[in-house]
Structure formats: C-alpha cells, structure tokens
Amino acid sequence: MGVSKLDILYRRLLLTKLFIRGWGRPEDLKRLFEFRKMIGNRERCQNLVSSDYPVHIDKIEEQSDCKILDGHFVSPMAHYVPDIMPIESVIARFQLIVPKEWNSKYKPVCIHLAGTGDHHYWRRRTLMARPMIKEARMASLLLENPYYGCRKPKDQIRSSLKNVSDLFVMGGALVLESAALLHWLEREGYGPLGMTGISMGGHTDSFKMGQEFVKRFPISADKLTNLNVVSRTLNLDMTGQVVSQKPSECHKSSKPSISATSERLLLQDTSKMQCFNQTLSTNKSNYTSCNPQSYHLLSKEQRRNNLQKESLIFMKGVMDECTHVANFSVPVDPSLIIVVQAKEDAYIPRTGVRSLQEIWPGCEIRYLEGGHISAYLFKQGLFRQAIYDAFERFLHKYAN
C-alpha cells in the first residue's frame, strides 16, 4: 500500500519547528515519569479525581437547534504535579453543545479531544458537533487542549510546543481533565458517555479510555474514533529513521532494528536522563578504546551525526515510557472501541509495530481510503458514523 501524496506535500509545507528549547528540565521529566505510573494504572487513576470535582458554567447561549454552554475548571494536573503547567494552561476550558430536544430517554454525550493545531472550538463544533445534533440528537463536549487556544502560553508560536516535556504535560492533563468532565456530566444526568478524537486527539483519548472507571462501568461507554492510531511509529527526520511513539509495559513491542543501548533505555526504570548520559559516555569510550585519538579526529559532522543518533534512541525511550497505550490499563470493554485508520497514511506507518487488536483484544478497526490529511478533511461523516455505532453497541449490550 502506497502513501498519500497530499500527506507528503503537507508535511513539507510545515516550516514551524517543534521543541525549540529541547527536552525541558530534567527534574520535570522525572516528575512526569513518576506521574505516568500513577495514571497508567486504573486502580490508582480512578481515585485521582473526585466524583464531585468542581466545574463551573460561565455562559449559556440559546440557538435554533441547540444550547451552547461555556465552562471552566482548574486542571487536576495542577494539584498532582504543581508548577509543571504554564499559568495560561492551568484553567481548563470547554464548550458543551446540547440539542434542544432528545430523541430518546437517553442523553448521550461524546467528549471530543483536539487534534494537532486544533485551537479553540470552531473546527470540532462545525465538522462534528453540529452535524451530530442534526443526525443523531447527540451532545458534544469540546475540551480545549493545554497549550492551545486560550490556554496557549504567550511566548508559544501557534501549535509549536517549546519542550518535549510539554507534550507529556498535555497528555497527562487531558486524562485528568476528561475524568473531571465525565464526573460532571454524570452528575448533570447525561449518559451514556463516550470519548472520541482524530489524529493527536485520538491518541490522547486512548489514554483516558484505558483509565475508565471499573466501579462506574457500564454507566459510561468507552469510545474511540482514532485516525492517528496508537502503537504506531513517528517519523522524526523524513529519512526513514523512525522512533516508536508508544510501547508496552507487559509486552515487548516490535523493535526490528533497535540496538542493545536502546533496549536498555526502554527497560530502565530510573531517570532517562541518567541512562542517556551513560549511553553517551559508553559510546565515547568505545571510540577512544580503538584509538585514543580517533574520537578527537572525528569531523564535526561525524560527531553531530553520532549525537543525533543517540538523541533519537533517547527520544524513543522517553516516548515509549510516556506515550505507548500498552503502558495504560486495557479499557473495561474493548469491544466498544471503534478505530478508524487511513490506508495511505504517510504520518503513521502500520508496518513493524504491534497491532491495536493485540493491545486491546476485541476492538474493531475500520479502514478508509486515502491518507491522514484527506481523511481529516473529507471523511468526517465516517468518524461520526463510528461514534453512532459505538453508542448503539453500548445500548444494545448494557442498557437492558
């Protein structure tokens, strides 16, 4: 199967650089690794956000076919990892679009998480929420990502996160914020409840799905409509070198050409910074052991290439630790998950990696023609249909 030319063109047009300030502070990375262990376990995560966590409604707007509620609350992330978030991101903001009339005794709500570059609410409201009101009388809750929209730091350019650690802060915050919103929706009498996301939103959504509360199931329906699927690889430099975006806690992921150094980085449970420094020291000693002058005789270009290679290995270890969904509990009922994948996706390769059906046994995968960008722009109806089917599946299985 080929890859989409539109995806390749779009990638080449993106000139903005990511992570211009590097990894972030080592002490922040260490705190995030420890926090990942907390939210990766359902039994621990389900107690992090109380069922009465305060959520506030700021404005209610009446429209012809729906009501739009704007609200806010303090991100629980600010309590568990203090001072890790920029001040602009501490207040979580959302918009709830509710039909004026429901077509059954149920009041279903789907939480939509934002994809890369999806600032504010307009895109999700126009392409997903408003059509869902007309087609299925289904409400939508749109959560603003940390570092996006009104939660974007003043010195951040568009969607370009400054530090690698910011990506982990965003993911961890969204897990806890989604939990707070699910609690609030249940208190307000809505249900069944589900979650969805496209591209990065689908990946982040999958973390939350793994933490759905055992004691609350089956009140809430776990749901994912995911284009940028988990357990895939992230192409960092467009030259064929890939770094796994997410690996596993209890299973070994597919790593066809990973060195012993990389393997050590994946298995160490200590600070990844220490592992990285040890790796560089080891490699430097290898150079000097062959020839005491060889390391110093290396050209500047060769040394830069060597450091880049080690940086890629380090990034793989970090990404594996923090972003692989197999490091998070399996959803309570994977049969309620519907994953949508593009056959010609040039962003997310499907070869040489673990299958989602292996990580989440029983989930359904639907394939669509085209690539990442074309699916997002022109196949929104297929994503909405997957949402409707998942909610119907939940009602058929658990409502009676």
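In which crossing, left-handed or right-handed, does helix 5 pass helix 14? The legends below describe close-up views of a predicted model.

**View 1. Packing of helix 5 against helix 14.** Helix 5 passes helix 14 in a right-handed crossing. Helix 5 spans residues 122-136 and helix 14 spans residues 380-398. The two axes lie 11 Å apart and meet at an angle of about 55 degrees, so helix 5 and helix 14 are oblique to each other.

**View 2. Residues in the contact of helix 5 with helix 14.** Helix 5 contributes Leu-127, Met-128, Pro-131, Met-132, Glu-135 and Ala-136. From helix 14 come Gln-380, Phe-383, Arg-384, Ile-387 and Tyr-388. By residue class, the contact of helix 5 with helix 14 holds eight nonpolar, one polar and two charged residues.

**View 3. Phe-19 and the residues it touches.** Phe-19 sits in the loop between helix 1 (5-13) and helix 2 (26-39). With residues up to four places away in sequence not counted, Phe-19 touches Leu-161, Lys-162, Asn-163 and Val-164. Phe-19 and Leu-161 are 142 residues apart in sequence, yet their C-alpha atoms are 5.6 Å apart in space. The relative accessible area of Phe-19 is 22%, so Phe-19 is partly exposed.

**View 4. Cys-45, a buried cysteine.** Cys-45 has 5% relative accessibility and therefore counts as buried. The structure holds zero disulfides.

**View 5. Cys-110, a buried cysteine.** Cys-110 counts as buried because its relative accessibility is 0%, where the cut-off for buried is under 20%.

How values were computed: Residues numbered from 1 in each chain as written. Predicted model: local features only at pLDDT ≥ 70, side-chain atom pairs only at ≥ 80, totals over all residues. Heavy atoms only, no water. Axes fitted to C-alpha atoms, helices over the stretch in contact; angles between N-to-C directions. Helix = DSSP H or I, 4+ residues; strand = E, 2+ residues; numbered from the N terminus. Parallel < 35°, antiparallel > 145°, perpendicular 65-115°, else oblique. Left-handed = near helix turned anticlockwise from the far one by under 90°. Contact = heavy atoms within 4.5 Å. Nonpolar A, V, L, I, M, F, W, Y, C, P; charged D, E, K, R; others polar. Disulfide = S-S within 2.5 Å. Buried < 20%, exposed > 50% of the residue type's maximum accessible area, 1.4 Å probe, protein only.
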